[in-house]
Amino acid sequence: TPASGSTNAAGGAATPLTVSVNPTGLTAGTYNGNISVTPTTPGTNPVVVNVTLTVTTPNPPNGLQVSNNASGLSRGISPGLFITIKGRNMAPATGVVFSTVPAPTTLGEVRVLFDNVPAPLIYVGPAGDRNGDQINAVVPYGIGGRASTNLVVEYKGIASQSIPLTIRETDPGLYTANQSGSGAASLLNQDNSANAQNNPAVAGSIIQIYGTGEGGFSPNPGDGRAVPTTQPFPTLLSGPVQVRINGRVAQVLY
């Protein structure tokens, strides 16, 4: 592009000619072509540059490992859970973060499917430790009530092998300050300041704890959507939320 054209080289200076390839729609194989450069000087033969293009089939996403985005544990998934998927050949070299609500189900040419149902995507790109690729996604609420599901990751239309995952009613995980799932909790004190050793919560005050894996909601807010005006509450068929601090049961207000 363009298929033809002309250029002037003022003062006899060399003029670069740049050619790029758009492999979209090309199947794997070898393609041959040529570029003809014709000088404007009469009687001068054109210069023909032969070009060979080899298109290979990319390796599919592989080495998939799924964990709770907050706790880092791998013990199954629950509806609405924020998960981290790590592996290879499954995301672009430059990270992409979602910017619209509801969160998109295709991001950076990546899709995550649970029994062929696409999941909202939060981030796709290099892993935080630069060891392979990482995807942060939200498990669709529609998997609730099943015993298991099959996970498939697609990148540029190439699918991974399906990974069977156990479905749990809930898989609670708390976010931590160092984002590793261990160590100091990432929570806020009553004045909305970050809780820390030098900024402790006062006995009798309210703290705000953040996590994921609470399971189904009623009413269902929809996959990847913002919290509606009428805030939904976890269904928690197995019982209410309980919080213990140093083994002592705390009062849950919300």
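A salt bridge is a side-chain nitrogen of Lys or Arg within 4 Å of a carboxyl oxygen of Asp or Glu. With that in hand, welcome to a few close-up views of this predicted model.

**View A. Asp171 and Arg168 form a salt bridge.** Their closest N and O atoms are 3.8 Å apart, so the pair falls within the 4 Å limit. Arg168 is partly exposed, because its relative accessible area is 31%. Asp171, in contrast, is buried, with a relative accessible area of 0%.

**View B. Asp171 also meets Arg75 in a salt bridge.** Here the N to O distance is 2.4 Å. Asp171 sits in the loop between strand 12 (163-166) and strand 13 (173-174), and Arg75 in the loop between strand 3 (62-68) and strand 4 (82-88), so this contact ties together parts that are 96 residues apart in sequence. Arg75 is partly exposed, at 33% relative accessible area.

**View C. Arg146 and Asp115 make another of the 4 salt bridges found in the whole structure.** The closest N and O atoms of Arg146 and Asp115 are 2.6 Å apart. Arg146 belongs to the loop between strand 9 and strand 10, while Asp115 belongs to the loop between strand 6 (110-114) and strand 7 (117-118); the two are 31 residues apart. Both residues are partly exposed: Arg146 has a relative accessible area of 35%, and Asp115 has 29%.

**View D. Tyr141 and Phe217 are one of the 2 aromatic pairs found in the whole structure.** Tyr141 comes from the loop between strand 9 (133-138) and strand 10 (148-155), and Phe217 from strand 17 (residues 217-218), 76 residues apart. Both partners are buried.

**View E. Phe233 and Tyr254 form an edge-to-face aromatic pair.** The ring centres are 6.0 Å apart, and the planes make an angle of 70 degrees. Phe233 lies in strand 18 (residues 233-234) and Tyr254 in the segment after strand 20 (248-250), 21 residues apart. Phe233 is partly exposed, at 48% relative accessible area, whereas Tyr254 is exposed, at 72%.

**View F. Leu17, Val19, Val37, Val47, Val49 and Val51 make a nonpolar surface patch.** The patch covers about 490 Å². Strand 2 (residues 47-55) gives the most to it, with 3 residues. Leu17 is found in the segment before strand 1 (29-37) and is exposed, with a relative accessible area of 61%.

Definitions and conventions:
Residues numbered from 1 in each chain as written. Predicted model: local features only at pLDDT ≥ 70, side-chain atom pairs only at ≥ 80, totals over all residues. Heavy atoms only, no water. Patch = residues over 30% accessible without salt bridge, like charges linked within 9 Å, V, L, I, M, F, W, Y side chains within 5 Å. Areas by Shrake-Rupley, 256 points an atom, 1.4 Å probe, with all protein chains shown as cover. Helix = DSSP H or I, 4+ residues; strand = E, 2+ residues; numbered from the N terminus. Buried < 20%, exposed > 50% of the residue type's maximum accessible area, 1.4 Å probe, protein only. Phe/Tyr/Trp six-rings, centres within 6.5 Å; stacked < 30°, edge-to-face > 60°.
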